[in-house]
Amino acid sequence: LLPLQLFAQGSPIPIVVDDTKTYQTMDGFGASLTDSSAWLLAKTLTPEQRNTLLKDLFDPKEGIGLSYLRQPMGSSDFRTREYTYDDMPDGTTDFKLEHFSIEKDREYILPLLKQIRKINPKLSIMASPWTAPRWMKDDKAHLKKEEAIYNTYADYFVRFVQEYAAEGVPIAAITLQNEPQNVQASYPTMGMEPDEQVRLATRIGQKFREAGIKTKIVVFDHNWEHLEYPIKVLSDPVASDYIDGVAFHGYGGEVSAQSRVHAAFPDKNIYFTECSGGDWAKDFDGNLMWDMENLVVGAPRNWARTVVKWNLALDEKNGPKIAGGADNCRGVVTINKTTQSVTREVEYYGLGHASKFIQPGAKRIATSQESSVGYLNPDKSITLMVYNKKTQPQVFWIQWQGRKVQVT
């Protein structure tokens, strides 16, 4: 056999792995079972096809072992119907939440979540609202300022967590608002300023503790580029006592922003919760490299406990969904409604590189190169992920506990 160096260009790059230095614990890798994704899985596939696909996505042995879902609380922009859990006729209110109901989720979202949890019992779920019920909002699409509104909306979160738990679907964490700086007229959104998140986090935190709810409260849930927002929220000493951490999206800014927030608040957790693939970048290799550099490797290197893409599944027309929002997002898998064929997209492979080998509860460990990230799994195995940004093969020297191996 010829030496490996003959097949690679450039000097070997050393990567030192030190499992005595540990960082954050990983909760998992995954996507979002939006209403569009859930409808597609429930309505276009046979039970056998659906079970096969869900095993491929979530089974740690037979599939890629996705272990984290971020669930919209009610409608998002990817929806086949618009609803919250307490919709009322115009001009009416429901401060006692007498009309609160998760019945629409029982149609196909909750059955799918239960099926997925059977396939992967280690699945964790984070829930995020795109909007509060309309009767709680002012004409600027923010929560009304009355104390009664904040109290009722906090009760709304309590009811959601409790009723999902009663269905056998525990909620590990909630965020207060998806993309609080993104207010749109064409699909469900709600604006929320830092002082409003401070107020709501405090109220929900108090209600959760009174009810004995252990669900974590996570703030921001928006792009890397606006660090002043989560820093202002976490700087409030009362609210901070109830807040577990900060969630980020990848549509603007740099992933290193996560480390800057961690440096300012090292006792708070970091979550990466959304970035969609889409038709704006069709090149498979380019998409895969961006995901590896910024999300699969980059986000955990910058303290993220989760790496979550957007829609779990979309159809061949990037739907189904009613009008509003982006029309060119791509799912982790594409399901053709006519042929019922399944295409595994670049996001499937990007996530699968990690979720297949990094177990929930793994500890990130020290590795010496920015192009790598390492983990100590609960079963004591070590996983090292390395990506090569070049277009030709590259030799790496992997060094661990005085031993060394050469890998191309």
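Contact, in these notes, means heavy atoms within 4.5 Å. Helices (H or I, at least four residues) and strands (E, at least two) are DSSP runs, numbered from the N terminus. I'm working from a predicted model: local features need pLDDT of at least 70, side-chain atom pairs count only at pLDDT 80 or more, and totals for chains, interfaces and linings use all residues. Residues are numbered from 1 along each chain as its sequence is written, and side-chain values use heavy atoms, with hydrogens and water left out.

**Confidence**

I checked pLDDT, the predictor's confidence in each residue, from 0 to 100. The protein's mean is 95, and 96% of its residues reach 70 or more. Residues 1–8 have pLDDT below 50, and in the model this stretch makes 10 contacts beyond near neighbours in sequence.

**Helix 8**

Which residues of helix 8 (residues 257–264) are buried? I count a residue as buried under 20% relative accessible area, exposed over 50%, and partly exposed in between (1.4 Å probe, protein chains only). Ala257, Gln258, Val261 and His262 are the buried ones. They sit on the same side of helix 8, because they cover an arc of only 140° around the axis; the arc is that of the directions from the helix axis to the C-beta atoms.

**Helix 1**

I went to helix 1 (residues 35–44) next. Seven of its 10 residues are buried, so helix 1 is largely enclosed by the rest of the structure. The buried ones are Asp35, Ser36, Ser37, Ala38, Leu40, Leu41 and Thr44. They pack against strand 2 (28–32), helix 2 (47–58), helix 3 (103–119), strand 10, strand 11 and strand 13.

**Cores**

A nonpolar core here is a set of buried Ala, Val, Leu, Ile, Met, Phe, Trp, Tyr and Cys residues joined through side-chain atoms within 4.5 Å. The largest one has 101 residues, and Phe58, Leu143 and Tyr164 touch the most other members. Helix 4 gives the largest share of this core, 10 residues. Another core lies apart from it, with seven residues, among them Met126, Ala173, Val218 and Val308.

Two strands pair if DSSP finds at least two bridges between them. Three strands make an open sheet in the order 11-13-14, with mixed pairing. Strand 11 and strand 14 (342–344) are at the edges with a single partner strand each, so one side of each has no neighbour in the sheet. Strand 13 (residues 333–335) pairs with strand 14 in the antiparallel sense over three bridges. Ile335 stands opposite Val342 in strand 14.

Most residues other than glycine have a negative phi, and most peptide bonds are trans. I found a cis peptide bond between Gly319 and Pro320, with omega about 5°. Pro320 is in the loop between strand 11 (313–315) and strand 12 (329–330).

Ala141 has a positive phi, near 65°. This residue is in the loop between strand 4 (124–129) and helix 4 (147–166).

Lys380 also has a positive phi, about 80°, and lies in the loop between strand 16 (372–376) and strand 17 (382–386). Buried or exposed, I asked, for Lys380? Lys380 counts as exposed, at 65% relative accessibility, while Ala141 counts as buried at 18%.
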